[in-house]
Amino acid sequence: MAKSPITINDLARELNVAPSTVSRALNNSPKISDLTKQKIVKKAAELGYNLNMVASSLSRSRTNTIGVVIPFLNNFFYSEVVNGIEELAFNKGYRILIAQTRNSFDKEKEILRTMSATRVDGIIACLTTETTNTDHLKILSANDIPLVLFDRVRFDFPCRKVIIDNYSAMQQSVAHLARSGYKKIAHLGGPITCNISSEHAKAFKETLKREGLPLLTQFHLSTDLTEEDIMEAIKIWLTSRLKPDAIITATSYAALVVSKLIKEQKLSIPEDIALSSLTSEPALQFVEPQITSVALPGRDTGKTSMDYLLNEIEHKEQKSDTTIKPYQLIIRNSSFRNK
């Protein structure tokens, strides 16, 4: 005869505690001490107890699970955002379920459908560069799953948003190069359909004008920011008669590729061409010369996004406002020279 599966009531009897205590401990509730959690988890493992998340979600109004959707797992900014989300989530007794879209709109749609079907309590997401409409987000509203968007967002969808001050980041980057004596500044941007790229493009044009510098159309390119696109754009710039004397890249990865290509052309940074990135990661400090970059508040963005989501989940606080996070321009040796 088949043995009956171990239940929460069985664990409670073994440990001489209330079933509610066992349930909270297994769901990592902050109301239960770490010592009690350890005892309960250890006994559950000994007896072969298996927490069935699907059954659990059907018997409760919540699963204590948060979906986190990001473009790439190996991106420094996004990993810092996840750290901020996870820190607050853990303290509040929530698990996080992370999925990466690899900037594919189709994958983004499938991930959101899956998370909705598995009854996550809420979702924090950064949209892909391919995302140009919000129809696929409506499934979340239909299932009463709150959503917080960060970094790459769509302003036509009613939810809370946490973004970086992208306009000012570009504005300050251009102004720094102009005041360091550079006259022919180029911008290697991302897809113009992305809200961040369009803000960067607007700030680039307006700041050049403000600084009294020319906007040369060939020095303002929108790309997919793949290695192939970056190399194609930079090789055109570096082999033309009129070369830029400074380049601002949309990402740290692009800055590293550009740095390599400049050196391969036997040009010097920053004497021949200055280099600056609109994002930052530790690798920029370990190349020669170190690359000027915009430090983005990843961890703080994650914490704020999670805090907003918790307010919606636990207090039904529904808002559609946008929070703008500050940045820091870190000036390094790649972007200034003697005039």
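This is a predicted model: local features need pLDDT of at least 70, side-chain atom pairs count only at pLDDT 80 or more; totals for chains, interfaces and linings use all residues.
Trainee: What is the order of the strands in the open sheet of 6 strands?
Mentor: The order is β7-β6-β8-β9-β10-β12, and the pairing is mixed. Strands are DSSP runs of E, at least two residues, and helices are runs of H or I, at least four residues, numbered from the N terminus. Two strands pair if DSSP finds at least two bridges between them.

Trainee: Which are the edge strands?
Mentor: They are β7 (220–222) and β12 (328–330), each pairing on one side only. From one strand to the next, the twist averages 15 degrees. Angles run from 0 to 180 degrees between N-to-C directions, with axes as lines fitted to C-alpha atoms, for helices over the stretch in contact.

Trainee: What does helix α10 touch?
Mentor: Helix α10 (residues 227–239) packs on the sheet and touches β6 (185–189), β7 and β8 (246–249). Contact means heavy atoms within 4.5 Å. The direction of α10 makes about 165 degrees with that of β6.

Trainee: Changing topic, how does β9 pair with β10?
Mentor: Strand β9 (residues 274–277) and strand β10 (residues 292–295) pair in the parallel sense over 2 bridges. Ser-277 stands opposite Ser-293 in β10.

Trainee: And which strands does helix α11 touch?
Mentor: Helix α11 (residues 252–264) packs on the sheet, touching β6, β8 and β9.

Conventions. Residues are numbered from 1 along each chain as its sequence is written. Side-chain values use heavy atoms; hydrogens and water are left out.
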